[in-house]
Amino acid sequence: MKRLNNLYYSKRIKELLAELQTAGTTLVVAPMGYGKTLAVQYFLQEQERCGKKVLRQSIYGAGAEAFWQGVCHSWQNTELGAALLQQSLPADANAKTLVLELFRQLLPQEPVYWFIDDLHLLESSEVIDFLFALSKAGFADLHLLLVSRGQIFDGSRLLELGRKVFCLDKHDLALQRDELAEYSSRCGLQLTTQQLDALHEACEGWFSVTYLNFLNYDRYQRFCLDTGSVYEMIANVLLRPLPSEQQRLLLLMGQPEEFTPEQVAYAYGTSCRESVGRLLECNAFIIRLANGRLRCHHMLKQATRHAFGLLPEAEQQMYFRRLGQWYAQQKEYEEALDWLYRGRDFDGLLAAVQQLRDWSMHPQHRQHLFDWLCECPPEILWQYPQAVLIIMRRMFSLNMVPEMLQVKEWYVTALERNTALSQRERDNYYGELEVILSFLAFNSITGMSEHHRRAYKLLSGAPQTLSKQGIWTFGAPSVLGLYLRTGCSLRQTVEDMQECMPPYYLLSGWHGAGAAELTEAEALLLQGRIDEMDMPLQKAYYQAEKHGQECITICCDFLEMQRDLFRGVYSSKAEAYSRHQWQLQPWKQSMLLNSADMCAGFYYALLGKPEYIPSWLTDGNGQQPSVLYPARPCRNYISAQCLLAQGQYTELLVRWSDWEQECRPYSNFLCLLYLQVQRAAAFAGRGDVTSCRASLKQALAMAEADKLVLPLAQNIALLRPYLEQEAQGECSAAAAAALHLGQQMEAGRGQIMSARFAEAGLQELTEQELQIAQLAAARHTNREIAQRLSLSEGTIKQYLNKIFAKLQIDAAAKNKRHRLERFFSNS
């Protein structure tokens, strides 16, 4: 009796697969048709029989977003899965750290085998970076099984993983000559030695081609050893010999990535359960998945899709339409969209869109958003204003603003033409439109507020467009960095924020709570009114923590760190931020970890401890962690301050034009001011007096009207002599205020360095340096020290420069020996 669809695993293959139990990561890499997936599935079924937990994920497209959706789906119904749903695919070091921490804390306390198939379909380096980081972490109970037609990790990464990774390739999976003989015998075929030799030589152990030859031999008593294409072979062996009904059914099976027999029967349009059953029984290229669905092997899928494309267009559209309607009936609305579009069922498509309020959107839908509405007949479009609204919302997130404005006109027309809407429904739709249009007014506080106030009057409930869980600051640690648009507008900006935020709180459920108070505190800090900022800062802390707005709390911490530098108080929050030991729970947004890095980086740059600055803030060639586009100007001026602390003056000037340009779209005046000051400081560091003076004059002119002297004071070490000259010039008030505030900051910084870092600095001194430092601290002159130690004055001077550097005493600072004396007294 022939048993051609029986799976065959040789003793050698079984022994190789047994190694997967001890491997942290297994890479199975071979061309199509070598049985990669079947071999891993066989191993996993054995593990499931032993009670082990198995997760399966198949890759069906090139996009990173679809991959991450698959990750979350794989881990659903677990605590880890719930946490991963709050994240996106980690694209930077902080995000990877956060997700790996989630795995460390929330992995089930039992062995888990996670199988990811068809990685070759991905076109995302971020996915491979994430899988490498996961493999490198080497969690004891997690076994990662990765299958691909092409290389997954390059040679250097394989070397780095070492024994953490186990590899199988096509030579391991290929049928050997004796295995081919045993396989044919188990299938019930009686082949001669010559036939086996010819088949093995032609197929080279290629499992799928061997199977197709077995089917052809059983039917025609001959092999297909000279077929030029495996797809032609599939068509000749598996497709063309079928009756008409079964041919159509097999073509339909090849269209979705996964399918059920009921789905195929629905798409075909008549009762055909028996025909579907016969197809499944006699075709080993149709794989049954763990979720109960079925999937065609890629070779069969490609052959059937080619044949399907030869059908008349009207017939193709009919089948596409039925597939889309089946998905919609199953409430799988995202899957339904593309099929309904391809089937030209716009009524069904817009009805499905209306079910997708929290639409994460498949990558292919991005290409079709505008096409859907352009090609939809107007009389259908007018019946679905809610669908148009949802599409508009997605267009804004994709920066499709011109298309969005055109769709706005269609949306208004749809509302006016839809006579079935009640006045309340119509008002709600217009209210939602106002919320969406408010984003186009960013960063005009009053402009956004006008839309918010109109929305609040129109809406009968909370808007669907806003989420309290979103990051109100876009990841920036400075509110005025986002919203201060021009010079001479600081007071007005504070008043606008205080007037406009309360209506927004009512509309959004306290999204961004504390921002109004925070804006006032930041304005006072920028003007150097240190003692006046405490009350609004504490109010901001209270509101943010009361309403769970972590992004505002981070901004409060950013102000507190800067304030405490003037008071000579070391910031424990900066230390916690730099180590990510802070109050955010690990399942919150990774973007806020990048905000924390910016806070810590800026603080340590001002403190003069560049070794504590996160490397990504100054690494111009590295992968930049994610902040949303409006927050990039803030990130840039923080990076510039970090470069100054590292003495990378030329690097700052090289990048300056790009950074300055990024402040223009939203008129980020405060960020522009910081960059202008930092440019002057970089020129000063390079000794370019003329350029420094020119840049400083521009900065003083920008700062003078609103007395924004903080950026100047924070760069006092490099700008002091130039500010002293400008104190006699046109902007004398601003220059003098900056000098006064800068001296306060230097005094506070000196106290922190003495109290916090004196002992560590002294331990770095050599015995000779320590002796010289003690003599200098006792107020001996260089000549006296030189005579006492039988050295030259020049040598003593060189020693003292090294000592001041190790003890973090600014070489340009006055009273260096007094600072040195305090080091010894404090230690």
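## Charges over rings

Arginine 157 lies over the face of phenylalanine 132, at 4.6 Å from the ring centre, where a charge is said to sit over a ring if NZ of Lys or CZ of Arg is within 6 Å of the ring centre and within 35 degrees of the ring normal. A second case involves tryptophan 382, whose ring has the charged end of arginine 417 above it, 4.0 Å from the centre.

This is a predicted model, in which local features need pLDDT of at least 70 and side-chain atom pairs count only at pLDDT 80 or more, while totals for chains, interfaces and linings use all residues. Residues are numbered from 1 along each chain as its sequence is written, and side-chain values use heavy atoms, with hydrogens and water left out.

## Aromatic pairs

A pair of aromatic rings is described by the distance of the centres and the angle of the planes. Rings of Phe, Tyr and Trp (its six-membered ring) pair if their centres lie within 6.5 Å, and planes under 30 degrees apart count as stacked, over 60 as edge-to-face and the rest as tilted. By this rule the count comes to 30 aromatic pairs. In one of them, the rings of tyrosine 9 and tyrosine 42 have centres 4.2 Å apart and planes at 25°, so the pair is stacked. This pair links distant parts of the chain, 33 residues apart, since tyrosine 9 belongs to the segment before α1 (11-18) and tyrosine 42 to helix α2 (residues 36-49).

Tyrosine 9 has 13% relative accessibility and therefore counts as buried, a word that means under 20% relative accessible area, with exposed over 50% and partly exposed in between (1.4 Å probe, protein chains only). Tryptophan 326 and tyrosine 327 form an edge-to-face pair, 5.5 Å centre to centre with 75° between the planes. Both partners count as buried, tryptophan 326 at 8% relative accessibility and tyrosine 327 at 3%. Elsewhere, ring pairs link Trp68, Trp75, Phe103, Trp114, Phe130 and Phe139 into a cluster.

## The chain as a whole

The protein chain has 43 helices and 7 strands, which are DSSP runs numbered from the N terminus (helices H or I, at least four residues; strands E, at least two). Its C-alpha atoms fill a box of roughly 105 × 80 × 45 Å along the principal axes, and buried residues make up 55% of the 827 residues.
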